[in-house]
Amino acid sequence: MAVRRRKIRLRYKAERVLFSDVLPYELPVIFSNRYFYRFLIENGIRIKNGKVEVNDDIPEGAKLILLLIFGFEDLQTLKEKDTEKLLSTIPFTFHILHKPTKSRSLSVIHPANQIEMAAFYEKYKSLMLYYCNRDSFSIRHPKKVACYFYYRDKLHHQLLGRKADNIELFFNEYESLKTYFSYKRYTYIHKFYEDFLFQRAEKKFQHLLRFDIQSCFDSIYTHSIAWATSGGKEMYKKNFDGEDGTFGNVFDRVMQRMNYNETNGIVIGPEFSRIFAEIILQHIDCSVKRKLEAEGFVENEDYLCYRYVDDYFLFYENDKLKERAMRLFDAEMKEYKLSISESKTKQLERPFVTEISIAKQSIDKLIKEYLSFHDGKDVEMAMVEDDKTVDEDGEENIDLTKERVVKALENDAHLYFRSNQFISKYKSIIKTTGVGSKDVVNYTLARIERKLVSVLKQYDKVFKCLSMGYVKNLMTEECMVKKMKLERVLTDYLIQLTDVVFFLYADCKRIKTTLKVMTILNDIIIYLDNDYHPAKDDGYQRFSNVIRDAVFRNIQKEIDTVFRISKYNAETPLETLYLLITIRSMRDKYRINQDVIDSYLGLKYDSVTGDLQSGWPKMNALVIILLLYYYGGSDKFLKQKKGLVKIIRDKYETEPKETIKRNAELVILLLDLLACPYIRNSDRRCICKLMGVSRPNQKIMEEYLKKRRYMFTRWTDVNLTKELGAKVSLEVYS
């Protein structure tokens with residue numbers, strides 16, 4: 001059955017950039033710009049013509065938060081200032097694991113710069129599109145301002161058995177918008193391999209050279225955007241003075257300000273950084289193409305070249321073309337302080353089938369063979385599609401008859417899966433194809449998740465019919481026996497599946513991998529932990545508590561094992577900690593013991609006095625937020641939260657006063673702590689004082705945030721299904 005998609009038209013607001021283009025994808029699912037966006041919209045906060053504007057009736061609490069963000073004491077003075085002089089800030093940079101021995105830096109820009117970026121998009125969106133549509137090589141670039149986005153309905157209606165959420169402002173304010181612009185042609189690089197463009201090039205040309213740019217975003221010189229938008233470096237130096245108001249110079253200054261006036265390298269993570277790079281690379285591509293044409297090499301006849309962000313694919317027949325093209329690319333990139341990565345340059349001969357492509361094909365076959373729901377006879381007859389309706393909660397209503405119950409009882413549909421057999425076959429594929437498991441693990445987990453959703457939908461067709469027959473006294477005893485049998489089969493299937501998921505995860509603990517694991521676990525949790533029609537008079541239990549407990553205990557055990565065998569790494573601390581969000585989404589009895597988390601963090605307490613014998617490790621704001629969220633309001637973690645507060649205080653005490661409000665990490669953390677229900681008022685008061693916030697102003701801001709509840713982190717009532725869905729929609733660069 002095809003996945004149902006809901007098409008939603010976007011109502012235009014400049015600030016929607018905050019959802020899609022200013023934050024890295026890899027942030028925790030509980031952290032977003034959703035509430036910051038609402039804060040700006042409700043209070044009319046914007047930057048226009050270089051000045052801060054707000055509603056005349058802005059509440060006192062909102063005004064104080066705005067002043068905190070911009071580092072001012074008086075609103076009128078702030079409104080009169082030229083924002084360019086206010087916005088030189090320090091981005092919050094954190095690290096994630098990129099390769100087994102290499103990390104990648106990502107940045108969250110200061111809230112003030114986020115407001116500036118919304119204004120920049122509003123003013124320059126047409127020029128951004130113009131400069132991103134000059135190049136025939138690029139296969140991922142902005143094409144137009146997005147008018148729609150699609151909501152993929154997965155387990156919400158068919159499986160959840162209840163309305164997934166109230167949609168509050170979630171969809172009608174496009175809060176899962178993927179990008180501000182719609183893109184041509186590919187959102188993921190693997191789609192290029194499967195598309196006619198790649199196949200056409202393969203038919204026409206014998207050779208393929210793959211190469212990319214060495215540390216592209218780290219190497220970009222911000223001034224080069226002005227060169228790329230004014231006809232080249234020499235043209236720019238002859239005709240411009242560097243202080244003009246041209247698009248290139250404005251973009252240059254915006255990128256510098258958010259990176260504390262740095263000109264070498266740009267912040268990594270946000271979509272606008274990819275657009276910045278795209279404009280420069282399109283200029284390089286056009287220059288190379290023009291020079292090749294001047295030498296008699298014609299695109300589509302002598303070669304085809306495609307670029308996905310900073311990955312190039314050069315299809316050709318003549319070695320002379322390849323050599324000349326590479327010399328030109330090398331020279332043009334050096335002009336812009338970029339270089340080709342020799343270690344990632346790879347020559348392929350037709351057919352262009354890589355080891356990864358072969359491995360993926362084998363993995364698809366493996367998943368289909370081992371994870372499928374084996375349809376029994378009359379499975380569709382037991383649940384006739386023509387007689388189904390959908391209620392206001394999105395759940396299917398069935399006209400149940402004794403005949404249907406009998407057919408469900410006779411149906412021999414079944415699930416059978418053994419993790420050891422699957423893992424053995426998977427390892428054989430890895431060994432035979434010669435790929436690294438890290439190269440295909442995300443693909444494998446994504447395919448497993450898709451298959452799991454399909455299997456649960458098929459399973460529920462038969463299982464729900466039996467459940468209804470039991471509840472409505474149609475062949476009650478027979479339904480109970482068959483229902484219990486199917487429950488046991490599903491329990492074994494899900495436990496075996498979880499074993500496979502964590503086997504795959506053990507060899508590749510990266511952020512995207514963790515998020516895919518969380519998605520699979522969440523699919524299992526919401527299916528088992530929700531009953532049929534729970535809010536209605538005719539509601540009834542889907543699964544027995546014994547079955548649920550068996551699966552949930554297994555999930556708890558697997559995550560517990562991850563923390564027991566891992567050690568906290570201050571350089572790349574987030575990969576494992578994200579799993580705490582999944583544990584928190586389950587009932588309290590499935591929490592990991594605090595001793596396990598303490599051991600993971602390297603904390604040791606005196607067995608008699610309970611005093612900490614070792615120091616807390618270095619932590620950034622995201623680690624602090626994740627641990628505070630996990631500890632919550634539980635009395636079990638009082639001493640751990642006390643230690644976290646000390647770390648927070650140290651952060652503010654060691655930051656120079658002249659930069660404390662320019663520091664994105666400290667501003668974001670303070671705004672979140674003002675809304676956090678899990679720390680004491682006295683601790684909050686001390687942290688605010690260190691930030692220069694007076695006690696009266698703190699109270700006013702807290703009262704304001706109590707009504708709105710959050711700023712960046714959603715501390716309570718997290719709907720993990722919704723948050724993971726929003727996160728999946730933002731996965732734009734793979």
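This is a predicted model: local features need pLDDT of at least 70, side-chain atom pairs count only at pLDDT 80 or more; totals for chains, interfaces and linings use all residues.

**Who is buried, who pairs up**

Me: Is K589 buried, exposed or partly exposed?
Reply: K589 has a relative accessible area of 47%. Buried means under 20%, exposed means over 50%, and partly exposed is what lies in between (1.4 Å probe, protein chains only). So K589 counts as partly exposed.

Me: Okay, back to K589. With which residue does K589 form a salt bridge?
Reply: A salt bridge needs a side-chain nitrogen of Lys or Arg within 4 Å of a carboxyl oxygen of Asp or Glu. For K589 the closest N and O atoms are 3.7 Å apart. The partner is D549.

Me: Why can that pair be said to tie parts of the chain together?
Reply: Helices (H or I, at least four residues) and strands (E, at least two) are DSSP runs, numbered from the N terminus. K589 lies in the loop between α24 and α25, while D549 is in helix α22 (residues 545–565). So the pair links parts whose separation in sequence is 40 residues.

Me: How many salt bridges does a search of the whole structure find?
Reply: One of them joins the side chains of E332 and K291 (2.5 Å, N to O). E332 sits in helix α14 and K291 in helix α13 (residues 271–294), so these two tie together parts that are 41 residues apart in sequence. E332 is buried at 10% relative accessible area, whereas K291 is partly exposed at 36%. Over the whole structure, the search turns up 37.

Me: Now rings. Is the pair F137 and F329 stacked, tilted or edge-to-face?
Reply: Rings of Phe, Tyr and Trp (its six-membered ring) pair if their centres lie within 6.5 Å; planes under 30 degrees apart are stacked, over 60 edge-to-face, the rest tilted. That rule gives 49 aromatic pairs. F137 and F329 have ring centres 6.5 Å apart and planes at 50 degrees, so the pair is tilted.

Me: How many residues apart in sequence are the parts that F137 and F329 tie together?
Reply: F137 is buried at 0% relative accessibility, and F329 is buried at 1%. F137 lies in the loop between α5 (111–131) and β6 (140–145), and F329 in helix α14 (residues 319–335). So the parts tied together have a separation in sequence of 192 residues.

Me: What kind of aromatic pair do F192 and F198 form?
Reply: F192 and F198 are both buried. Their rings are 5.3 Å centre to centre, with 85 degrees between the planes. That makes the pair edge-to-face.

Me: Which residues have the most contacts inside the largest nonpolar core?
Reply: A nonpolar core is a set of buried Ala, Val, Leu, Ile, Met, Phe, Trp, Tyr and Cys residues joined through side-chain atoms within 4.5 Å. The largest has 243 residues, and helix α19 (residues 437–471) gives it its largest share, 13 residues. The ones with the most contacts inside this core are F70 and F315.

Me: Why is helix α26 described as largely enclosed?
Reply: What covers its buried residues includes β4 (92–99), α27 (638–654) and α28 (664–675). Helix α26 (residues 621–631) is largely enclosed by the rest of the structure because the number of its 11 residues that are buried is 11.

Me: And what share of the 734 residues in the protein chain is buried?
Reply: The chain has 31 helices and 14 strands. It exposes about 31,400 Å² (Shrake-Rupley method, 1.4 Å probe; for residues, only the protein chains shown count as cover). Buried residues make up 57%.

Conventions: Residues are numbered from 1 along each chain as its sequence is written. Side-chain values use heavy atoms; hydrogens and water are left out. Contact means heavy atoms within 4.5 Å.
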